[in-house]
Amino acid sequence: MEPLAPIPSRPLPVSARAPGKCIVFGEHAVVRGSPELLFALDLDAQVVVRPAPRIELNSDPRGIEENPYFRAALARGWPDPAPVSVRSVTQLPKASGLGSSAAFVAALSAALASASGGLERAALAQRAFDIEREAQGVGSPGDTSASVAGGFVTVNAGEGAPLWSVASGAERWDVRRVEDPGWVWVIGYSGVPRSTADAVRAVARRLEEPDGPRILEAFGDVARAGIEAVGRGDREATGRLLGRNQELLRTVGASHPRLEELLRAAGPAAEGAKLTGAGVGGSIVALPKPGQETELVRRLARAGALPFAVRCSPAGASLVEGAAPG
Ligand code: MEV
């Protein structure tokens, strides 16, 4: 595989974009080193960074105190003492499980890195993870790696072409590229916001119970089988495994009554479906039965979700050349 292009050096103003993500298999368990499969969404966050008399986010000078992602991104990615103004727009609902914070962090880090002389992509993946981890206090580098790399990505699966490994203290995650099967997926946002950090801590406590190791092993088996099923383009097997992954997520308390309603609504038009992201609110992802994409979108809308028919975005974090809107 060709190495991914580094972020090139550009003077301010710089604009960058980065995609959100959809986790297909393995959320939560990945935090403990289990395998995960996810892809970059064709929905993104975009930022413009320009010189300014004071530091501000979307014209608000309190951004630095109030937004921990913004604060950590500047602390780790902007050694220049000159203040910058950042404008950000996003297609990703916040706290929805679709990687809005990872996309913001990856886009902002790419723009700041570009204005600081450019950066290799593996270093950007590590930096974006460090920022998200500092702001959130918990988590794995799956979300930020998908935002930085684009495409389909595995973590700790040993499958695919090596991209990079990302570390936090003694913990290390191996990130690889696998092929996009080219499918349309349907996401339904429940409208119930949640805190990733709270959800991750609650699941971690559940996994400390005596049956935790057995559950973690089951997460790993399902994710490995899921990665294989997606790799051979087997929609039926993928759908079945999505259902098994959801049973495990339910067992560790990551589901929510609204998500269960959406999963029931999706059922007749889907090969399979599960929550995606941290859960306890947020979104579900469903793999449509062939030709049932529109019906699936309709069923989720009727059940009160905000539905998106999505594909994988092959592009990760990148500069938006020539664009510096006000
Ligand atoms: C959140 O999008 C995914 C989790 O596995 C946490 C993480 O991996 O950082 C729940």
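Biologist: What sits over the ring of W183?

Modeller: In this predicted model, the charged end of R235 sits over the W183 ring, at 5.2 Å from the ring centre.

Biologist: And how is W183 placed relative to W185, by ring centres and planes?

Modeller: The ring centres of W183 and W185 are 5.6 Å apart, and because their planes stand at 50 degrees, the pair counts as tilted. Both of these tryptophans, W183 and W185, are buried.

Biologist: Which residues do ring pairs link into a cluster with them?

Modeller: The cluster that ring pairs build is made of F39, F152, W183 and W185. The count of aromatic pairs comes to four. For F39 and F152, the ring centres lie 4.9 Å apart with the planes at 20 degrees, and since planes under 30 degrees apart count as stacked, that pair is stacked.

Biologist: Are F39 and F152 buried or exposed?

Modeller: F39 and F152 are both buried.

Biologist: Staying with strand 5, where does T154 lie, and why is T154 classed as it is for burial?

Modeller: T154 lies in strand 5, and T154 is classed as buried because its relative accessible area is 0%, where the cut-off for buried is under 20%. Leaving aside neighbours within four places in sequence, T154 is in contact with E36, L37, E159, D174, V175, R176, V178 and I227. With E159 there is also a polar approach, in which a polar atom of the T154 side chain lies 3.1 Å from the backbone oxygen of E159.

Biologist: Which helix is S145 found in, and what is S145 in contact with?

Modeller: S145 is found in helix 5, which covers residues 142-149. Once neighbours within four places in sequence are left aside, S145 is in contact with A125, G150, W164, V166 and V175. S145 has a relative accessible area of 0%, so S145 is buried. V175 is in contact with S145, and V175 is also in contact with T154.

Biologist: New topic, the ligand. Which residues surround the ligand?

Modeller: Around the ligand are K21, I23, E27, H28, V30, V31, G139, S140, D143, V200, G277 and A278.

Biologist: Which polar side-chain atoms lie by an oxygen atom of the ligand, and how far off?

Modeller: Among them, K21 has a polar side-chain atom 3.0 Å from an oxygen atom of the ligand, while S140 has a polar side-chain atom 2.7 Å from a ligand oxygen atom. For D143, an N or O atom in the side chain is 2.7 Å from an oxygen atom of the ligand. Taken alone the ligand exposes 300 Å², and the protein buries 99% of that.

Biologist: Last one, N245. Where is N245, and what does N245 contact?

Modeller: N245 is placed in helix 8, residues 235-251. Apart from neighbours within four places in sequence, N245 is in contact with V24, F25, G26, E27, F219, V222 and K274. One of these, E27, is also among the residues that surround the ligand.

Biologist: And why does N245 count as buried?

Modeller: N245 counts as buried because its relative accessibility is 1%.

Definitions and conventions: Residues numbered from 1 in each chain as written. Predicted model: local features only at pLDDT ≥ 70, side-chain atom pairs only at ≥ 80, totals over all residues. Heavy atoms only, no water. Helix = DSSP H or I, 4+ residues; strand = E, 2+ residues; numbered from the N terminus. Buried < 20%, exposed > 50% of the residue type's maximum accessible area, 1.4 Å probe, protein only. Contact = heavy atoms within 4.5 Å. Phe/Tyr/Trp six-rings, centres within 6.5 Å; stacked < 30°, edge-to-face > 60°. Lys NZ or Arg CZ within 6 Å of the ring centre and 35° of its normal. Near = heavy atom within 4 Å. Polar contact = N/O pair within 3.5 Å; in protein donor to acceptor, adjacent residues only side chain to side chain. Areas by Shrake-Rupley, 256 points an atom, 1.4 Å probe, with all protein chains shown as cover.
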